[in-house]
Amino acid sequence: MTEHLFNGVIAVILPLITSSFGLTLAQAGALASTRTLMAGVASFPSGFFADLAARRNLLLGLCIAMIGLASLGLSLAWSFPLLLVFMGLSGLGGGGFHPQSLAILTAKYRDKRAFALGVHDSSANLGEVVGPLALGLLLSFVDWRSALQIWALPGLVIGSLYAFLGGEGDLAVKRPKGYGRSLWDDVLGNKTVCGLVVVSTFRAMGQTTLAAFLPRYLSLELKLSAGVTGAYMSTLFLFAGAAPAVVGWISDRFGHRLLIVVFSFLSMATILAIPYLGSGVILALGLGALGGLLWALRPVIVTAAISAAPQQLSGSIVAFIYGANMSASFLAPLSAGLIADAYGLPTALTSIAVLPLSAAVLTVMLLKPADKVGNPD
């Protein structure tokens, strides 16, 4: 949750920074893009360290503290280049955090991996909700620089505490021998793992594009006010926040393959139905269902990929999944934008359904029927 609190800076503080510094929209976009780029860059080495380091809590704590330090740095920055530096630092912390955290959780909860990662995802979504609300309230009393200085405290405190007190003890996974060879044979050469990386990327592309285009569809096509549009999107994110823990628990009992296929097909059907739901309670239910289906699949897919390889390589697998997601996700909104310009927003929205459909078909093709949590190591 602490790691995702920083997203409130993007939603609430970035517009204020843009106005305060007199930045162009391109410069504001560059700040957000720098964070995403550095998060992708950090995920790969962090995944390798997650599999090789003896004390993963030190790096995880450092990553959280870096996010707090980035908030502090942004509050003191006086030029655009410095803003870029500290936004990049926040990306390094966020990107480095995930391989460590997921590797630690899957080592601890081997029989409840999907549930553990689902709780992890739900906590992140809680941070996404709390962050903008709390920062907005804070800005009622102080200016944006003071707000960022206060916002630095959770990252610095929680990061330091975890680094010194979050040791895994005898639960730490033994470092793999012949790591390079294992990485090639069990990850890069593993058809199931590679297939699930692609499945996860399709899911992430669908989520990213829906988050970008649903508000536009609601406001421009349905002519809804900003307040009503926000309420509909909040419904989606509410279900997206609560669902991962529940879906993970179900996945641990009934198998990952079945859930990925069923939820992907249902996500496709829901996306196709949205232009026909009009506005009102039915649309709210549809958006809630979409949040509980497509958004909730991430921990299930990650768990399925980790379960298909030795536990000692879980950090590397997470790194490849998150790296691929971040590297490819920008393509889908761009494509949907081109479709919207040519054929309209409803057509662009329904075209997004091809992404969960592709995820479902690929899962059927690549995964073995008996994929319930196992320990191939």
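Which residues have the most contacts inside the largest nonpolar core? They are Leu 210, Leu 214, Leu 218, Ile 274, Leu 287 and Leu 290, in a core of 30 residues. A nonpolar core here is a set of buried Ala, Val, Leu, Ile, Met, Phe, Trp, Tyr and Cys residues joined through side-chain atoms within 4.5 Å. Buried means under 20% relative accessible area, exposed over 50%, and partly exposed in between, with a 1.4 Å probe and protein chains only. The elements that give two or more residues to this core are α9 (191–221), α10 (226–254), α11 (256–273), α12 (281–295), α15 (331–343) and α16 (345–351). Apart from this core lies another, of 29 residues, which includes Ala 243, Val 300, Val 302 and Val 318.

Before going further, a word on the source: this is a predicted model, in which local features need pLDDT of at least 70 and side-chain atom pairs count only at pLDDT 80 or more, while totals for chains, interfaces and linings use all residues. Residues are numbered from 1 along each chain as its sequence is written, and side-chain values use heavy atoms, with hydrogens and water left out.

Now zoom in on Leu 290. Not counting residues up to four places away in sequence, Leu 290 touches Leu 210, Leu 214, Leu 236, Ser 267, Thr 270, Ile 271, Ile 274 and Trp 295 (contact means heavy atoms within 4.5 Å).

Step back to the whole chain. The protein has 17 helices and 0 strands; helices (H or I, at least four residues) and strands (E, at least two) are DSSP runs, numbered from the N terminus. Buried residues make up 52% of the 377 residues. Of the contacts with a separation of 6 or more, 84% join residues 24 or more positions apart.

A search of the whole structure finds 1 salt bridge, defined as a side-chain nitrogen of Lys or Arg within 4 Å of a carboxyl oxygen of Asp or Glu. Asp 121 pairs with Arg 298, their closest N and O atoms being 3.2 Å apart. The two are 177 residues apart, with Asp 121 in helix α6 (residues 113–138) and Arg 298 in helix α13 (residues 297–307). Asp 121 is buried, at 5% relative accessible area, and Arg 298 is buried as well, at 18%.

Next, follow helix α7 (residues 144–165). The buried residues of α7 are Trp 144, Ala 147, Leu 148, Trp 151, Ala 152, Gly 155, Gly 159 and Ala 163. Phe 164, also in α7, is exposed, because its relative accessible area is 67%. Phe 164 belongs to a nonpolar surface patch of about 710 Å², together with Ile 150, Leu 153, Val 157, Ile 158, Leu 161 and Leu 165.

Gly 155 and Ile 158 also meet Thr 2, which contacts Ile 64 and Pro 154 too, leaving aside neighbours within four places in sequence. Thr 2 lies in helix α1 (residues 2–5) and counts as buried at 18% relative accessibility.

Finally, look at the loop between α9 and α10, where Lys 223 sits. Lys 223 has a positive phi of about 60 degrees although it is not a glycine, and it is exposed, with a relative accessible area of 67%.

Notes
Patches are made of residues with over 30% relative accessible area and no salt bridge: like charges are joined within 9 Å, nonpolar side chains (Val, Leu, Ile, Met, Phe, Trp, Tyr) within 5 Å. Accessible areas come from the Shrake-Rupley method with a 1.4 Å probe; for residues, only the protein chains shown count as cover.
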